[in-house]
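Welcome to a short tour of this model. Please have the viewer open and follow along as we go.

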Amino acid sequence: MSHVIRSVKLLWKDLHIKPKELRLDTLRCGQSFRWKQIQDNWACVLQGKMIILKETPSTLLLGYDTHFNEERNITLEEIESLLIEYFQLKQVSLADCYERWSNIDNNFKQKAVHIQGIRILKQDPWENLISFICSSNNNISRISQMIDKLCTAYGQKVATLDDIDFYDFPSLNALVNDSDLEGSLRKMGFGYRAKYIANTAKKIKSDHPEEGEHWLRALRTVTYEEAKEALMQLQGVGPKVADCICLMSLDHPESIPVDTHVWQIASRNYGFSKKGKSLTSKLYVEVGNHFRLLFGEYSGWAHSVLFTADLSSFEKKVAIKRKIEKVEDE
């Protein structure tokens, strides 16, 4: 049963999260593809719960509909606990990390001063896996559209917010129960990725009939190398996709996904232009090792800030901010 929620009727609770610890730009930098921005609000369904967030210059606010929560027997404390885990707020002091990384690397310092509060999410590994299989030769906007179609077709509708429907991410069973999953996904515009998703879903169901998609969570307890190797047995999962999943849902903060953006950063700012013109398998490993050695613990988090700063949408924001600061100085 879904419920209609209106933004104008929401109540708001201050979560007391400082900007240096979390900004909602985290949700637009290519980690998760289900968050939707509706005016000043960010909304998504996590674990069957409707989550609505809004930031102010000084904190983060949680929006809620009392009737909706009571109807579903959901408390604000449950939602807050979910968000603490999802944003890894107790595990990592981002302000301390930014300070340490800025002292280590001048390039990071120059970029980070304009981009506060970019955290690594701790996502559901199953959603993370399917989302990043979709990321192959793709962009954030199109991946988001594909994941939205997948959730609408196979997920459970949870709520309607301001005339926009919100669905939970579909389970493994919901996908494999479609006898022609690949064909269905191709009709939705998934292209060659349809085969990868269908075959990966079938393999997990076949190899782990009891655990299903929850098998992926066991990869949090093995080494980074073991987790990455296990993921790369799945169709559509190469080194970069495996590193994304290790970093964003499997508690391996030393994982460094290297794509064209990161390769350009490494070439431009860290001397890799001398080592080659294109990203080879050997250079992929070398770039990752360079950042791991440079930034140390939570190096994947530092790399994510550099990646975010290199996205065109953030470069424009930084340029505007610099112009404003220049005018104010004058």
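Let's begin where strand 4 meets strand 5: the two run antiparallel and are joined by 5 bridges. Strands here are DSSP runs of E with at least two residues, helices are runs of H or I with at least four, and both are numbered from the N terminus. This is a predicted model, in which local features need pLDDT of at least 70 and side-chain atom pairs count only at pLDDT 80 or more, while totals for chains, interfaces and linings use all residues. Residues are numbered from 1 along each chain as its sequence is written, and side-chain values use heavy atoms, leaving out hydrogens and water.

Within this pair, alanine 43 sits opposite isoleucine 52 of strand 5. The hairpin of strands 4 and 5 has 2 residues between the strands, and glutamine 47 adopts a positive phi near 55° there. On to the next hairpin: strand 5 and strand 6 have 4 residues between them and are joined by 4 antiparallel bridges. Lysine 54 has leucine 61 in strand 6 as its bridge partner.

Altogether, 5 strands make an open antiparallel sheet in the order 2-6-5-4-3, where pairing requires at least two DSSP bridges between two strands. Strand 2 (11-14) and strand 3 (36-38) are the edges, each pairing on one side only.

## What encloses strand 5

Strand 5 is largely enclosed by the rest of the structure, because 5 of its 7 residues are buried. Buried means under 20% relative accessible area, with exposed over 50% and partly exposed in between (1.4 Å probe, protein chains only).

## Helix 6 and its buried side

Helix 6 (residues 140-154) is built from 15 residues. Its buried residues are Ile143, Met146, Ile147, Leu150, Cys151 and Tyr154.

## Serine 249

Is serine 249 buried or exposed? Serine 249 counts as buried, because its relative accessibility is 1%. This residue belongs to helix 11 (residues 239-249). Beyond its neighbours within four places in sequence, serine 249 has contacts (heavy atoms within 4.5 Å) that include Leu121, Pro125 and Arg220.

Definitions and conventions:
The expected span of a helix is 1.5 Å times one less than its number of residues.
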